[in-house]
Amino acid sequence: MTSLRPRPALTSDSAGQRFRSALTAYSPLTVVGTINPYCALMAERVGHQAIYLAGGGLATHSFGLPDLAITTLNDVLTEVRRITDACSIPLVVDVDTGFGGFFSIDRLVKGLIKDGAAAMHIEDQISLKRCGHRPGKSIVSTAEMVDRIKSAVDAKTDPSFFVIARTDALANEGLEAATERACRYIEAGADMIFAEACSQLDQYAYFVKAINRPHSVMANITEFSMTPAFSLDELKSVGVSAALFPLSAVRAMAAAALQVYQAIHRDGTQKNVLHLMQSRAELYDFLDYQEYEKKYDELFNNKNTS
């Protein structure tokens with residue numbers, strides 16, 4: 001009997017171990033945003049080795065809300081389960097500021113590991129956070145962020161689960177203070193620093209030099225932001241280990257959807273925007289649709305001959 005595309009098989013390697021292996025194999029590792037399981041399937045098919053669930057993307061595209069700490073721990077875990085059920089490559093999860101104090105972070109980390117996430121990043125903004133590329137951000141003390149990191153590390157049920165500490169301190173405190181914070185976060189147990197809103201390559205180089213350990217810095221190459229569209233080669237030249245493209249695909253999807261809505265409203269037909277659409281054949285290919293149909297046919301044929 002034909003088997004359908006199964007839930008990703010469990011292997012001897014945990015999701016965290018697979019993420020660590022990908023960081024070693026690729027320099028820098030590309031981490032692409034996947035707003036839903038179907039996007040994760042497409043990213044996996046074309047060869048990406050790590051994917052990402054953005055907090056801002058979750059808020060906007062699952063709830064129609066801005067990136068202002070309005071979604072919850074359970075909202076995030078629900079989306080994690082959907083993606084990891086469909087896709088086997090390591091998933092990095094944006095957990096904002098951790099959704100509360102010690103016990104909330106403990107519950108969060110255990111839930112992420114149970115539901116198949118490979119890594120998370122937690123940030124040093126106050127709980128009522130803003131997008132990292134907006135003005136008016138406020139950050140907590142270094143000591144409070146260190147407590148967040150220690151809570152996350154202490155909660156790990158898989159020692160390979162990867163904890164990334166994001167710092168938004170560059171905008172508020174300057175480069176030297178931000179790197180001092182980063183070093184404290186690493187000392188507290190973080191595996192990597194997410195240096196948010198860098199505008200120059202030499203700022204990343206400063207973080208890399210200050211931390212002075214392998215796989216130490218992630219760059220957020222998000223569009224229409226304070227960070228230029230640095231290439232992987234440019235990032236590699238200053239020692240960046242992972243390049244995050246959190247919302248590139250979903251921004252393209254939203255722009256295409258808007259054009260389709262406008263065209264149907266204006267023209268009374270969608271025929272002028274078919275070039276923006278994925279074909280039915282491509283959709284069926286990514287979903288293994290024919291295999292599901294074969295399963296139907298085999299089941300009903302067996303039933304009819306019994």
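A residue counts as buried when its relative accessible area is under 20%. In this predicted model, Asp96 has 5% relative accessibility and is therefore buried. Asp96 lies in the loop between strand E3 (91-94) and helix H5. Its backbone has a positive phi of about 50°, although the residue is not a glycine. Most residues other than glycine have a negative phi, and most peptide bonds are trans. Apart from its neighbours within four places in sequence, Asp96 is in contact with Gly55, Asp67, His121, Ile122, Glu123 and Lys129.

Eight strands form a closed barrel in the order E1-E2-E3-E4-E5-E6-E7-E8, with parallel pairing. On average, neighbouring strands of this sheet are turned by 25° against each other, direction ignored. Strands of a sheet pair through backbone hydrogen bonds, either parallel or antiparallel.

Which strand pairs with E8 over four bridges? Strand E1 (residues 29-33) does so, pairing with strand E8 (residues 242-245) in the parallel sense. Within this pairing, Leu29 stands opposite Ala242 and Thr30 stands opposite Ala243. Helix H9 (residues 201-211) packs on the sheet, where it touches strand E5 (162-167), strand E6 (192-195) and strand E7 (217-220). The direction of H9 makes about 165° with that of E7.

E7 and E8 run parallel and are joined by three bridges; Asn220 has Leu244 of E8 as its bridge partner. Together with helix H10 (residues 232-237), E7 and E8 make a right-handed β-α-β unit.

Attention may now turn to the packing of helices against one another. The axes of helix H4 (residues 73-86) and helix H5 (residues 102-114) come within 10 Å and cross at roughly 10°. Angles under 35 degrees count as roughly parallel, and H4 and H5 are therefore roughly parallel to each other. On the H4 side the contact involves Leu73, Asn74, Leu77 and Val80; on the H5 side it involves Ser104, Arg107, Leu108, Gly111 and Leu112. By class, this contact of H4 with H5 has five nonpolar, three polar and one charged residues.

Helix H3 (residues 55-63) meets H4 in another orientation. H3 and H4 pack at an angle of about 85°, and their axes are 11 Å apart. That angle makes H3 roughly perpendicular to H4. Leu58, Ser62 and Phe63 of H3 meet Asp75, Val76 and Glu79 of H4. The residues of this contact divide into three nonpolar, one polar and two charged.

Two further backbone features lie in loops. Asn212 is placed in the loop between H9 and E7. Asn212 has a positive phi of about 55° although it is not a glycine. Is Asn212 buried or exposed? At 65% relative accessibility, Asn212 counts as exposed, whereas Asp96, at 5%, counts as buried. The remaining feature concerns a peptide bond. The bond from Ser27 to Pro28 is cis, with omega near -10°, and Pro28 lies in the loop between helix H1 (15-25) and E1.

Terms used:
Residues are numbered from 1 along each chain as its sequence is written. This is a predicted model: local features need pLDDT of at least 70, side-chain atom pairs count only at pLDDT 80 or more; totals for chains, interfaces and linings use all residues. Side-chain values use heavy atoms; hydrogens and water are left out. Axes are lines fitted to C-alpha atoms, for helices over the stretch in contact, and angles run from 0 to 180 degrees between N-to-C directions. Helices (H or I, at least four residues) and strands (E, at least two) are DSSP runs, numbered from the N terminus. Angles under 35 degrees count as roughly parallel, over 145 as roughly antiparallel, 65 to 115 as roughly perpendicular and the rest as oblique. Contact means heavy atoms within 4.5 Å. Ala, Val, Leu, Ile, Met, Phe, Trp, Tyr, Cys and Pro count as nonpolar, Asp, Glu, Lys and Arg as charged, and the others, Gly among them, as polar. Two strands pair if DSSP finds at least two bridges between them. A crossover is right-handed if, with the strands pointing away from the viewer, the path from the first strand over the helix to the second runs clockwise. Buried means under 20% relative accessible area, exposed over 50%, partly exposed in between (1.4 Å probe, protein chains only).
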